[in-house]
Amino acid sequence: MTDNNPLTDPNGTPEDVATLYSWANLHGAKYRDFSAARAQTREKARLRAEQAAAEIAAEENATAAEIEPAQREQIQLEQAHFERAQSEQIQFERAQFEQSQLEQSQLEQNRIDAEAAHAAAAAEAAHAAAAAEATQAAEAERAAQQAHADQIARQAEWEAAAARHAEIEAQAAREQAEWERHLAARQAAEEAARREAERAAEAEQAAAQARQAAEEAAHAAAEQAAWHAEQKRLAELAEQQAAQQAAILAAQEAAHIEAQRVQLRAAELAAQKAAEQAAQKAAEDAAEQAAQLAAEQAAEQLARQRAWQQAAVERAAQVAPPSAPAPRPVPPPFAPLREDTSRNPWAAHEVQEPAGRPAWLSNDQPETPAAPAYAAPAPAASFTPPPTALPQAPEDTLQGSRDRLVSRWFALRGVFDGVPPAPEAVPPPVTSRAPAMAVFSLAGGVGKTSLVATLGRALSARGERVLLVDTAAFGLLPFFFGATDQRPGQLRTFNPPGVSADAPIQMITIDPEGMNAEPGSQESLSGEIAKFARGASRIIIDLATASGATTRRILHMSPLVLIPVIADMNSVVSVSSIDAFFEHNSAAAGKPSLPYYVLNQFDATLPLHLDVREVLREQLGERLLPFALRRTPAMSEALAEGMTVMDYAPASALADDFTTLAGWVKSLSAPATTSYRGVRWSER
């Protein structure tokens, strides 16, 4: 029976590769297995690659710590690009390595196939020539040598491949080092560029700041020049307006003087004509009266002469001897106009005032003693005729009465003269003293300055020329009338816009601290205020907050003192202290008086304000004004616009409150007026 599984022939060709190598070594062939060497080479290459990657990562981490975030992102981006390129390179090398492995495996398989075929051929040859051992051994030796040569060739190929791989790795390392040097150089260049850019930016910023400073200086200089030019233009405009106004006033004055001259000339001509007519009429009346009086006197004198001659003839006939001729009597040269049978006509008249005639129209001549009456005729030897001159009658003529009349009363002079009187020289006007009002507060924030400004504006609307005095060197009072600066010590005049019936407002800022503070300096401060108050109808003084020294000096002007208070606890507590201060200092000034109070910033919707008002009424009585200044944001908005609330919101309730306050002030003290006293009016 044939055995289907015969024993393996030790001289047969083995089928396994490792067995083939072992069989070849046993038969004297020198074969080497390079699989372990290749694995070690690959492991070493992998370790070197990992070590290089670790070093690169460490260097990148060390470098990244010193690089700013923006550059770090750039470096990370470049590192990612490099890693991607390296990954692609590694994949490419791996693909080449796998390709080489595949080729090597193919070669190995071909070799194995060839060796297997050769071994099969050798086995067949061994089987065919079993007898020729030596020939087979020789052929085996030649086959082993050929395999050894092939193995050497393959090993050389593997070494060449390893050398190429090492060269590739060295090239990659050189490229990595070159890239790192390039990256370091680029980073250094970027750092230098960044520093240079920073220095350039700093230089540019400094230059920009210098340019900005120069531009600001140029702008400020331009604004200053524009302001000076505007001020100069305004000054020139003011001078032109003043010159025009002066010219207009001069023309008006000249026209007025010319009109007066024409009126006076017409009055003089009318008076002259009337005087001529009156003189002519008076002369005619006087001539007629003189002629009538002369006729009456002549008739009466003739009758008296006849009567006297008749009486003399009768007396002579009774006493004279018949032989003596009768003497011719001499008649008296003057006889009274009318005989009074009750008394002697030559006796002095008694001074009697006619009924209804004033005493100052009576005769001012002294009384003359009465002439003695004639005695009875004596005998002829002692007969003496009566005197030829009659006694002078008292001076009680119409002309004397007229002179006395016109010397006493101006109105009666026209009655007698009948002509208009000549124009009289107008004396200088009499100006009354402007009343002063002081606004005081013990604490700030109660609206003292705004009250002064708005009250002055309300009085200006009533036609008063108000002088506002600010005793704070740098107060806000000028800003309520459109001012943009403060000018201590300079009298300023603020005029209403356009054509308005409102009076202008004058303002002066006086610093009492800079003046003499001696006890006699009250007069200097009052005199300083009075110097600026010429022509003003009223003075309103804004006293500095809690300034006792200035207030004591102002009290010598006897002002009306008004104190604004707000509805809070501080006002209730401070009222007694304020009253005590004014009671003491006003008594020292010579006229004791207590101030008035007004509630400012009052809100009738708040219960606290209503309660505080009731408490103040109980404390102050009538010295708390019966009205209050209501709270409204229009006050602060008006100041921001450079106005008072009278101009900013004339229809507001607060404007009505200030109008009421202005009426209350006028009711207590009338404004100063300029008038003519003791001067008659004239028709012009």
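User: Is phenylalanine 582 buried or exposed, and at what relative accessibility?

Analyst: Buried means under 20% relative accessible area, exposed over 50%, and partly exposed in between, with a 1.4 Å probe and protein chains only. Phenylalanine 582 has 1% relative accessibility, so this residue counts as buried. This is a predicted model, in which local features need pLDDT of at least 70 and side-chain atom pairs count only at pLDDT 80 or more, while totals for chains, interfaces and linings use all residues. Residues are numbered from 1 along each chain as its sequence is written, and side-chain values use heavy atoms, with hydrogens and water left out.

User: What is the average pLDDT of the protein chain, and over which residues is the pLDDT below 50?

Analyst: pLDDT is the predictor's confidence in each residue, from 0 to 100. Where pLDDT is low, the predicted coordinates should not be read in detail. Here the protein chain averages 75, and 71% of the residues score at least 70. The pLDDT is below 50 over residues 320-395; this stretch has 66 contacts in the model beyond near neighbours in sequence, a contact being heavy atoms within 4.5 Å.

User: How many aromatic pairs does a search of the whole structure find?

Analyst: A pair of aromatic rings is described by the distance of the centres and the angle of the planes. Rings of Phe, Tyr and Trp (its six-membered ring) pair if their centres lie within 6.5 Å; planes under 30 degrees apart count as stacked, over 60 as edge-to-face and the rest as tilted. The search finds five pairs. One of them joins phenylalanine 440 and phenylalanine 582 edge-to-face, at 5.2 Å centre to centre with 85° between the planes. Phenylalanine 440 lies in the loop between β2 (436-439) and α7 (448-461) and phenylalanine 582 in helix α10 (residues 569-588), so the pair ties together parts 142 residues apart in sequence. Phenylalanine 440 is also buried, at 3% relative accessibility.

User: Which residues form one aromatic cluster?

Analyst: Phe440, Phe581 and Phe582 do. Phenylalanine 581 and phenylalanine 582 pair edge-to-face, at 5.3 Å centre to centre and 85° between the planes.

User: Where is serine 526 found, and which residues does serine 526 touch?

Analyst: Serine 526 is in helix α8 (residues 521-532) and is buried, with a relative accessible area of 17%. Leaving out residues up to four places away in sequence, serine 526 touches Arg553 and Met557.

Terms used. Helices (H or I, at least four residues) and strands (E, at least two) are DSSP runs, numbered from the N terminus.
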